[in-house]
Amino acid sequence: MTSTVAVLNQKGGVGKTTVTLGLASAAWAAGLKTLVVDLDAQANATWALGVDPSLDYFGTGDAMKSNRAGSAADMVVKTGWGQDLWILPAAGDLTERDADTRRETSVKRLSRSLEGVSEDYDLVLVDCAPSLGLNTSNGLAAAKGALLVVEPTVFGLRGVGPVLDLVEDVWSTDNRDLELAGVVLNRVPAVSADARDRIVELNKMVGSRSVWKPTIPHRVIVNTAHNERAPLHAFGSQSRELTDIFDTLLRKLRRTID
Ligand SMILES: Nc1ncnc2c1ncn2[C@@H]1O[C@H](COP(=O)(O)OP(=O)(O)OP(=O)(O)O)[C@@H](O)[C@H]1O
Ligand SMILES: [Mg+2]
């Protein structure tokens, strides 16, 4: 519990997986023992970490289905990145799990399956799907910190309220340890009056302490790293700007949730 962070937003394509993988890359480079939990049936994090979701792995859906304390222990696999980076793959029927309507009996399934498991890691990063459904609630119920990824656009900001409401809801009903760790801004243009205005608005919404710096710019190397299923930190000077950013964000994250 103590070191677990849910990376979330209801809105798709904002960079949840990119931020999860960027932080995982920073943790990889720092030699931290890290577990990525893939809660998204799209399995993008699983794939980018070099684990082929088409193979017959057990994973997050199975762990939740078993509803047994510590069931994830036998399902985590070492990632293709090596070092001490592990993944609970997006396997098992996550779509079916998300549709489970028995919320009161289902929201603690992920935290139950990680009982005695997450303590083995310095950091656990949960990559949520673009939804505020039951699987994301499970991610939040298992986490100490909620990390929102937001783009500084009109539509990007419109989605923030419902996400904050869900964090509040899970805090009040299922997980008193949960806190908003912060909001990470992704794809921030270098010069844009509109983006600047949106960031001012976001600061008013969540408080300036919760809006993390540095922000993340749009950089092609992000796609290169995903495509090569490799950590950003493996690209040397080509990715230095971003690795410096993710190193700082990881330090901030660890200070916030410790
Ligand atoms: N800072 C960035 N610079 C360049 N490309 C980026 C950046 N952030 C995200 N992308 C690209 O945008 C696309 C969507 O990003 P990503 O998959 O991380 O979003 P997501 O929120 O996890 O999406 P989903 O909601 O589908 O899970 C990907 O192709 C990714 O490589
Ligand atoms: Mg994703």
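I took a residue as near a molecule if its C-beta atom, placed from the backbone, lies within 6 Å of it. This is a predicted model, in which local features need pLDDT of at least 70 and side-chain atom pairs count only at pLDDT 80 or more, while totals for chains, interfaces and linings use all residues. Residues are numbered from 1 along each chain as its sequence is written, and chains are lettered from A and ligands numbered from 1 in the order in which they are written.

Ligand 1. I found 19 residues around ligand 1, the closest being G12, K16, T17, T18 and P130. Two or more residues of this shell come from each of α1 (16-29) and α11 (220-228), where helices are DSSP runs of H or I, at least four residues, numbered from the N terminus.

Helix α9. I then followed α9 (residues 160-173), whose 14 residues reach 20 Å from first C-alpha to last. Its buried residues (20 or more other C-beta atoms within 10 Å of their own) are V163, V167 and V170. They lie on the same side of α9 because they cover an arc of only 70° around the axis, the arc being that of the directions from the helix axis to the C-beta atoms. On the other side, G161, D165 and S172 are exposed, that is, with 12 or fewer such neighbours.

Definitions and conventions:
The expected span of a helix is 1.5 Å times one less than its number of residues.
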